[in-house]
Amino acid sequence: MSAVQTAVVKDSSMLKQKEMISGNYRKLETAKAEGRKVAATFVPGNLNELIMCFDMANNLPEINAIQNGMRKKTGAYIMEAEKRGHSEDVCTYVKADLGMIAKGNIGPDGQQLPNPDLLLLSYTGCFTFMKWFELLRDQYHCETAMLHVPYQGDGRITKNMISYVVRQLREEVIPKLERVSGVKFDIDRLRENLRRSARAEEDFVWVLESAKSRPSPIDAYFGGVYYIGPIFTAFRGSEDAVEYYRMLRAEIADRLANGQGPVTPSGDMKAERFRLVVEGPPNWTSFRDFWKMFYDEGAVVVASSYTKVGGIYDRGFRHDPDHPLESLAEYCLGCYTNHNLPGRIDLLAQYIEEYQADGLLINSIKSCNSFSAGQLLMLREIERRTGCPGAFIESDLVDPRYFSPANIKNRLESYFQMIDQRRGGPSVAHAA
Amino acid sequence: MRTFIGIDLGSTTTKAVVLDENMDVLGRGITNSRANYDTACKVAKYEALLAARFTLLQRSLTKAGAGEARLGDFLDSLERGFRLGQFIEQLDDLEQTCLDKARGDRFRGREQSIAEAIHAIFAVLRDGAPSLFARDARRKSDFFRDLAGSRFMAVGQETARAAGLSYDMLLNVYDKAIIEVENRPPRGDIADKLLRALDTLAVMSPELADLAAYLAAPVRRALDVETEETSVVGTGYGRVTLPFPKENIRSEILCHGLGAHMMYPRTRTVLDIGGQDTKAIQVDDSGIVENFQMNDRCAAGCGRYLGYIADEMNMGLHELGPLAMQATRSVRINSTCTVFAGAELRDRLALGEKREDIIAGLHRAIILRAMSIISRSGGVRDEFTFTGGVAKNEAAVKELRHLIRENYGDVAININPDSIYTGALGAAAFARRAAAH
């Protein structure tokens with residue numbers, strides 16, 4: 001296949017996703033006019049297949065914050081939230097969301113967002129989510145459903161945990177969804193949605209695992225955040241998502257067959273010099289500048305924990321139409337932020353081995369405790385286990401004030417040169 | 001001969017080191033970084049090459065049989081002659097630039113009297129120049145800006161009054177001119193200038209006239225040896241601005257690790273406290289970096305913090321350490337935020353604490369922060385090497401020794417008098433290596 005053809009194919013999944021995202025925003029904007037009910041929920045523990053069963057639109061505040069961050073709108077929203085009394089140290093997704101609401105709730109695409117009819121909270125390890133929805137409930141005075149997902153304190157999911165979550169789904173979440181939407185729950189509809197989820201998940205995992213090749217045809221962090229888009233948000237369980245991942249897989253398969261590296265904003269990445277595993281979310285306000293610091297140096301991220309926040313699929317879990325509620329429970333229990341520190345360490349250390357990475361890089365987020373707590377210990381332990389060097393940089397999610405390009409670039413370059421030096425590469429000097 | 005140069009563009013100072021083929025240090029140079037890294041780089045390199053020339057002269061003149069004590073005097077006199085020549089050159093440049101700046105509408109009608117005043121000031125400055133470079137003369141600074149500035153201010157006020165001109169106006173002209181002059185790197189060939197200094201040596205130091213005559217030929221022969229800048233490697237914060245190919249730019253982490261290893265081959269942990277960075281680096285037995293940690297987003301507790309405190313107290317940076325050493329107790333300071341440093345200081349003074357005790361507390365706070373960064377990087381391993389500008393501060397070193405013993409037991413702690421050049425030394429070693437390929 002020629003390069004020109006590849007470029008066309010490459011664009012098609014991106015265009016498809018763009019359409020899907022703007023389609024969902026349209027669905028939200030027209031919800032009231034068309035009598036559609038709206039649920040607001042979070043990426044980790046997102047029960048999209050279930051929400052779809054009630055013909056409701058899904059509005060994800062985190063995604064709004066990310067989209068606004070990439071459009072450079074969050075700085076003003078965060079200032080607005082701080083003006084209203086939210087401290088400098090509060091999660092900046094929360095403040096970007098509250099600031100957006102305070103300024104008229106105009107969505108990232110410039111259109112009015114609807115007030116939610118239901119706040120559906122799956123509590124998967126992030127305590128801030130609960131406080132966030134308390135604030136939203138105070139704002140919207142709408143129905144709230146809280147699904148309590150037990151933390152994987154012992155690093156495993158037990159039958160009791162699953163039945164505890166299933167019971168809440170049956171007794172708390174589904175009745176509320178029925179009541180708010182006026183639609184009766186149909187488990188066969190859920191099974192169909194889950195069947196589609198599993199198909200999309202299969203292709204998604206194939207794409208993630210393509211990074212095991214050398215060179216990796218994808219960047220599993222900077223590219224990865226685009227690849228997780230549909231499956232982590234309002235599309236898992238939809239035909240659109242199945243189609244998107246089918247297209248994406250075909251495109252990546254082509255890149256793989258052609259021995260191409262990942263696509264970057266500056267074109268195809270040339271030589272792959274460093275393979276990294278990255279822990280922690282990216283910075284969104286300077287996303288492209290941040291990415292450039294990697295691809296300019298030939299650094300590709302081959303696996304990341306952030307692409308697991310909305311579900312870990314590459315360890316075998318699939319949504320299961322034969323056990324619909326159980327599989328939703330298992331999905332929520334398995335999200336990355338619901339894993340304890342030893343579990344996270346195991347996963348990242350395995351990634352370093354499986355993906356033949358040069359080391360672990362942690363992007364520690366100033367305002368995100370659910371990720372940041374324990375990261376230095378994780379770094380130390382993973383270094384010890386794998387013998388690969390780690391590095392630690394700090395930035396923030398969507399607060400532009402906490403991205404210091406000179407500092408981050410300095411640390412990254414030092415890290416890359418250190419890896420090179422340890423390999424005995426061109427940086428090695430014979431000391432006197 | 002082939003030389004290998006490392007340049008460390010720090011936030012406060014820029015350092016350069018010149019090595020020979022055998023990795024022996026030929027010369028070191030340092031200058032203030034200014035806002036212009038390009039000039040700083042050229043000046044530091046020029047200074048290092050000058051020092052290298054003197055090392056080479058010493059080597060060859062020792063072979064020529066000059067006695068050690070008098071040779072030292074001779075080279076010292078030669079260097080003073082060189083520096084005097086360079087100072088006069090820069091004064092000439094500064095005078096001309098001042099005249100250029102004193103043109104335009106603002107000065108209309110007064111051009112003549114301003115020019116006369118400027119000539120008068122610079123005549124006094126030139127007359128006083130030899131005393132600045134006389135034997136055993138004590139200069140508060142070696143930077144042209146400081147030397148020329150303090151003299152200009154001393155002479156300018158009187159001259160302005162005598163000429164019926166505003167002193168502020170003259171000072172304003174000077175301020176504009178000095179920025180330009182300071183950012184013009186030194187021109188001319190070092191060897192040529194040294195030859196000129198040699199010619200005037202007998203006048204500056206009549207007691208060395210006989211030696212100067214005896215050494216003239218060997219000096220000329222030694223200066224005939226061309227030094228070639230075989231390879232230059234840059235490091236430090238300003239490294240991206242260096243006009244070098246990418247492969248000749250190295251991170252300061254690698255350079256400090258390697259530089260510390262070259263100074264003390266048994267080094268395993270390096271702490272560098274510079275102007276804006278605190279770095280803890282773990283190296284293996286060949287100086288290869290195994291791990292590192294740096295201060296996070298803010299520069300709290302770095303060298304700049306001490307600079308800020310010194311400014312607040314109207315003291316020189318180098319005076320802080322000795323003052324802290326006089327402390328009888330250490331006041332507990334928790335915040336190492338540079339911006340809040342002034343407030344912390346005034347608060348403690350208002351509470352009646354003694355200055356030396358507060359300053360001792362500030363030093364301790366800096367080192368406590370450094371200890372936290374060290375532990376992030378994997379702790380202290382034997383031997384431990386402390387580098388960077390803060391390593392020159394005896395009070396900081398005292399706290400560090402104390403805290404290391406308390407937390408890590410008996411560990412060899414190395415502090416080299418030339419530790420400020422550690423990064424540049426590592427960079428020069430990379431330059432040597434690059435040339436070998």
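Reader: In chain A, what is the strand order of the open sheet of 4 strands?
Author: In this predicted model, the order in chain A is β2-β1-β3-β4, and the pairing is parallel.

Reader: Which strands are at the edges?
Author: The edge strands of chain A are β2 (57-59) and β4 (143-148), each of which pairs on one side only. From one strand to the next, the twist averages 25 degrees.

Reader: How many bridges join β3 and β4 of chain A?
Author: Strand β3 (residues 118-123) of chain A pairs with β4(A) over 6 bridges, in the parallel sense. Within that pairing, Leu121(A) has Met146(A) in β4(A) as its bridge partner.

Reader: Which strands does helix α7 of chain A lie across?
Author: Helix α7 (residues 127-140) of chain A lies across β1 (38-40), β3 and β4 of chain A. Relative to β3(A), the helix runs at about 170 degrees.

Reader: Turning to domains, what does the assignment give for chain A?
Author: The domain assignment of chain A gives domain 1 (31-186) and domain 2 (190-423). Their C-alpha centres lie 23 Å apart.

Reader: How many residues does each domain of chain A bring to the contact?
Author: Domain 1 of chain A contributes 46 residues and domain 2 of chain A contributes 39 residues. On the domain 1 side, the elements that each supply at least two residues are α3 (48-52), α4 (61-70), α5 (74-83), α6 (92-102) and α8 (159-181) of chain A.

Reader: And by class, how do the residues on that domain 1 side divide?
Author: The side of domain 1 of chain A that touches domain 2 of chain A has 26 nonpolar, 16 polar and 4 charged residues.

Reader: Now the chains: how many residues of chain B are in contact with chain A?
Author: There are 24 residues of chain B in contact with 21 residues of chain A. Elements giving two or more residues to the chain B side are α8 (252-263), β7 (289-294) and α14 (422-436) of chain B. The largest share, 6 residues, comes from β7(B). By class, this side of chain B has 11 nonpolar, 6 polar and 7 charged residues.

Reader: Staying with chain B, how do β2 and β3 pair?
Author: Strand β2 (residues 13-19) of chain B and β3(B) pair in the antiparallel sense over 7 bridges.

Reader: Why is strand β3 of chain B largely enclosed by the rest of the structure?
Author: Strand β3 (residues 25-32) of chain B is largely enclosed because 6 of its 8 residues are buried.

Technical notes. Residues are numbered from 1 along each chain as its sequence is written. Chains are lettered from A and ligands numbered from 1 in the order in which they are written. This is a predicted model: local features need pLDDT of at least 70, side-chain atom pairs count only at pLDDT 80 or more; totals for chains, interfaces and linings use all residues. Two residues are in contact if their C-beta atoms, placed from the backbone, lie within 7 Å. Ala, Val, Leu, Ile, Met, Phe, Trp, Tyr, Cys and Pro count as nonpolar, Asp, Glu, Lys and Arg as charged, and the others, Gly among them, as polar. Domain bounds come from an automatic or database domain assignment. A residue is buried if 20 or more other C-beta atoms lie within 10 Å of its own, exposed if 12 or fewer, and partly exposed in between; C-beta atoms are placed from the backbone. Two strands pair if DSSP finds at least two bridges between them. Axes are lines fitted to C-alpha atoms, for helices over the stretch in contact, and angles run from 0 to 180 degrees between N-to-C directions.
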